[in-house]
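Hello,

Here is the structure I promised to pass on. Please open it first, then read my notes below.

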Amino acid sequence: MKRKRVLPLCLGVLFASAAARSQENRSTTLEELVRASLDRNREVLALRQRVAQMQGLRKQAGVRPALEIQAEGGSGRPLGSAGEQEFAATVIQPIETFGKRVNRVRVADFPVALAETEIDARRTQIAYDIETAYLVMVYERERIVVLDRALESLRESRRLTEARVKEGDAAPLEAQLLGVEVSRAEAQRTDAAGRLAIAELDLRRVAGFTVEDAVPSIGSPTASKSLLSLDQSIARALDRRADLRIARLLEQQGDAEIALADAQARPDVTFSARFSHNSSSLDGQYGFTSAGALTPLRDRYNALSVGVSVPLVTKRRNQGAIEAAAAGAAGARLRRQHLESTIPLEVQGAYERWTAAMRTHDLLRDGVVGQSTKNLAIVREAYQLGQLRLLDVLSEQRRLTDTELTFLDARLQVARAFTELERTTGGVLP
């Protein structure tokens, strides 16, 4: 399945800064990373071999019954009848009736289609896993950026405060309070670095990289502004979801197996043709040749016979196979009906999560983040004028950092919700 873009709009807008930094080294697109991972994924390679295996079995299913040739000869010499000789040749051709070969080939077509659909399902899941791991890694990188910005501000404030303490313009407690805040921010930064290392290892795992392989830098995601409505997303999922396609194929395969079992309950016809030659001598009887010589008399004759063979079987002989095929088809039909009833709810849930995440993101962006930055600037200015305490500044600084991390988490939730919506609808949304 060709991916026409790297990630949806939310990734291009929300994580552009992290992607821009990744382009400092050799960069690749997420599409290329997914394609490379699929090319070396052994599970996908095994499924491709299974497709080849099913194609071979399908070819074998179309083989017709072979023509049989029988030959036999006999002589009376070992038993004292030297003049007795016999030779016969028989040709036998079984003929499959009632569409056995057609139904057998039809049944063999479904395993090929099922194996190909399983590849599509696995490719979609791998692409989803890689996108999710990439999102987490970008989130941790952005988290470190936020913490570094707050840490740099705190260190600068501590440096200035320590200078004021030396000049006697500030109490030593203020420098100590800032030292505690710096240590707290450094601890958060260390934790974020560890989480980033874990996220990179997870990306290596799902992308199929070893510890020695270098993870390529992922280029800037391309943006796409189009999005299907909820009804269109549901219709797309009902048409493209691999699990539903597999259920439909299994249902059709069950119907084909019923037809094959019914045909196999009916008798085949076998045609035969036999040529025989017999030569025997007449004991004690002689005759003359055209030249007048005396010679023993012999009896020779040739015969050609044809025949047809039809076994006397009834439909009850294959009733067990028919019932088994019918039960399999009924089970597949129930599975298909279950998926058709639950997939719309699954898509609706993913769609609602995405829209809710978008609303949360917009509220934080428009009414919280910007205002928190302005609030910190006002509090700092009031502190410089002596109207507020240092604790007020530190509290507002901490509140701004928490707000930025909350907003970053909201951005991640938007991207992950959209990726989940793509998975539930069966692939990349247009």
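**What I found**

Thr-132 is buried, with a relative accessibility of 16%. Buried here means under 20% relative accessible area, exposed means over 50%, and partly exposed lies in between (1.4 Å probe, protein chains only). Thr-132 sits in helix H5. Helices (H or I, at least four residues) are DSSP runs, numbered from the N terminus. Look past the neighbours within four places in sequence, and Thr-132 is in contact with Arg-416 and Thr-419. Contact means heavy atoms within 4.5 Å.

A word on the source. This is a predicted model, where local features need pLDDT of at least 70 and side-chain atom pairs count only at pLDDT 80 or more, while totals for chains, interfaces and linings use all residues. Residues are numbered from 1 along each chain as its sequence is written, and side-chain values use heavy atoms, with hydrogens and water left out.

**Salt bridges**

A salt bridge is a side-chain nitrogen of Lys or Arg within 4 Å of a carboxyl oxygen of Asp or Glu. How many salt bridges does this rule give? The count is 28.

Start with Glu-404 and Arg-149. They form a salt bridge, and their closest N and O atoms are 3.4 Å apart. This pair links distant parts of the chain. Glu-404 is in helix H10 (residues 390-424), Arg-149 is in helix H5 (residues 100-167), and 255 residues separate them. Arg-149 is partly exposed, with a relative accessible area of 45%.

Next, take Glu-346 and Arg-423. Their side chains meet in a salt bridge at 3.5 Å, N to O. Again, distant parts of the chain are linked: Glu-346 is in helix H9 (residues 319-384) and Arg-423 is in helix H10, 77 residues apart. Glu-346 is partly exposed at 29% relative accessibility. Arg-423 is partly exposed too, at 24%.

Then find Asp-366 and Arg-365. In this salt bridge the closest N and O atoms are 2.9 Å apart. Asp-366 is exposed, with a relative accessible area of 58%. Arg-365 is partly exposed, at 40%.

Last, a group. Which residues are linked in a network of salt bridges? They are Arg-248, Glu-251, Asp-255, Arg-333, Arg-336 and Glu-340.

Best wishes

Note on methods: Helix = DSSP H or I, 4+ residues; strand = E, 2+ residues; numbered from the N terminus.
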